[in-house]
Amino acid sequence: MTTHESVPTLSLGHASTPGLEIPQIGFGVWEVPDTDVDAAFGRALEIGYRHIDTARIYGNEDGVGRVLGREDVDRDDVFVTTKVWNDDHTNVPAAFDASMGRLGLEVLDLYLIHWPAPEQDVYVDAWTAMLDLQRQGRVRSVGVCNFQVPHLQRLLDETGVLPSINQIELSPYLQQRELRAFHAEHGIVTEAWSPLAVRAGLLDDPVVVELAAKHEVTPAQLVLRWHVELDNVVLTRSVTPARIAENFEIFGFALEDDDLEALAGLDRGTRTGPDPDTFG
Ligand SMILES: NC(=O)c1ccc[n+]([C@@H]2O[C@H](COP(=O)([O-])OP(=O)(O)OC[C@H]3O[C@@H](n4cnc5c(N)ncnc54)[C@H](OP(=O)(O)O)[C@@H]3O)[C@@H](O)[C@H]2O)c1
């Protein structure tokens with residue numbers, strides 16, 4: 001059985017406190033109503049998750065803060081991420097303070113720019129403000145979500161500092177090879193959102209179903225294990241107690257080369273979420 005001590009961690013290099021590590025599996029709360037966060041995140045902590053992913057736009061930072069503030073929860077044991085929304089790119093310090101107030105935290109582990117929103121064209125200003133927060137010690141690491149290669153390259157060219165992590169839509173149906181190669185070349189950790197591509201039907205794909213049967217695991221566990229073997233951080237989300245437990249049991253088996261090859265063949269390059277080049 002997986003325990004929180006047995007979850008692997010990855011090092012965050014750029015724009016981070018030296019030595020900072022992130023647990024390779026995290027619990028996301030997108031679309032979880034604030035009033036339901038107590039039960040879902042509470043259950044996740046009981047099972048062993050020690051990494052929570054929220055955002056201002058999810059409207060549930062208060063709920064995450066309520067759980068982190070419980071007497072039986074050691075805040076220092078949990079890696080906490082939140083994000084700045086598109087309408088706050090020129091207002092990062094105030095947006096950060098407001099999120100920290102809702103979360104009830106003094107220091108955050110990871111603060112992310114949620115989308116590049118390239119038509120607004122102020123994400124470099126937002127990044128500069130994020131770096132200031134990190135230098136001031138208010139957040140241990142800063143990164144981005146949904147940045148494409150040209151957006152990352154521009155941060156490097158204009159500020160000289162790359163994000164520690166890029167949180168992107170990623171699944172066997174959307175493998176993002178070019179972007180992941182850029183991450184690998186530049187020491188950026190890849191973090192996967194919507195890793196199960198539920199809305200695209202990945203869990204019913206015959207290849208996934210067959211490999212899951214071979215390993216005597218569920219399709220969701222098979223796909224989450226694929227992410228781990230790619231050295232991604234993977235975020236899962238469920239409000240169903242049995243699935244919260246199921247999604248955490250992915251460290252007791254390994255995929256073989258043939259399995260990885262079959263899963264590599266599933267790439268369709270299609271998104272279930274917005275296109276970062278046009279969204280926002
Ligand atoms: N940065 C961004 O732009 C961005 C965008 C999207 C998401 N995210 C983050 O990434 C996290 C994960 O993405 P996601 O929420 O789309 O996650 P996901 O795990 O791909 O999808 C969650 C959905 O899958 C279902 N599910 C979960 N485990 C399952 C299982 N074992 N078997 C069958 N169905 C299962 C859940 O249903 P039930 O809840 O009914 O069990 C829920 O409907 C989010 O919560 C959020 O923190 C970030």
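Predicted model: local features only at pLDDT ≥ 70, side-chain atom pairs only at ≥ 80, totals over all residues.
**View 1. Residues around the ligand.**
The shell around the ligand holds 26 residues, and D53, S194, R237, S238 and T240 come nearest. By class, this shell consists of 13 nonpolar, eight polar and five charged residues.

S194 places a polar side-chain atom 2.6 Å from an oxygen atom of the ligand. For S238, an N or O atom of the side chain is likewise 2.6 Å from a ligand oxygen atom. In H114, a polar side-chain atom lies 3.4 Å from an oxygen atom of the ligand. The ligand taken alone exposes 900 Å², of which the protein buries 88%.

**View 2. The largest pocket.**
The ligand takes up the space of the largest pocket. This pocket has a volume of about 760 Å³. Its lining is made up of 34 residues, with W30, S194, P195, R199 and R237 the closest to the pocket centre. Two elements that each supply at least two lining residues are β10 (233-236) and α9 (241-246). The lining divides into 18 nonpolar, ten polar and six charged residues.

**View 3. The second largest pocket.**
The second largest pocket contains about 160 Å³ of space. Its lining includes the residues L20, E21, P23, R50, R75 and D76. Also in the lining of this pocket are D77, V78, F79, D109 and R140. Four nonpolar and seven charged residues line the second largest pocket, with no polar residues.

Definitions and conventions. Residues numbered from 1 in each chain as written. Heavy atoms only, no water. Near = heavy atom within 4 Å. Polar contact = N/O pair within 3.5 Å; in protein donor to acceptor, adjacent residues only side chain to side chain. Areas by Shrake-Rupley, 256 points an atom, 1.4 Å probe, with all protein chains shown as cover. 1 Å grid on protein atoms, 1.4 Å probe; cavity = no way out; pocket = protein on both sides within 12 Å on 5 of 7 lines; lining within 4 Å. Sits in = over half its atoms within 2 Å of the grid points. Nonpolar A, V, L, I, M, F, W, Y, C, P; charged D, E, K, R; others polar. Points joined across faces, edges and corners; volume = space filled by probe spheres on them. Helix = DSSP H or I, 4+ residues; strand = E, 2+ residues; numbered from the N terminus.
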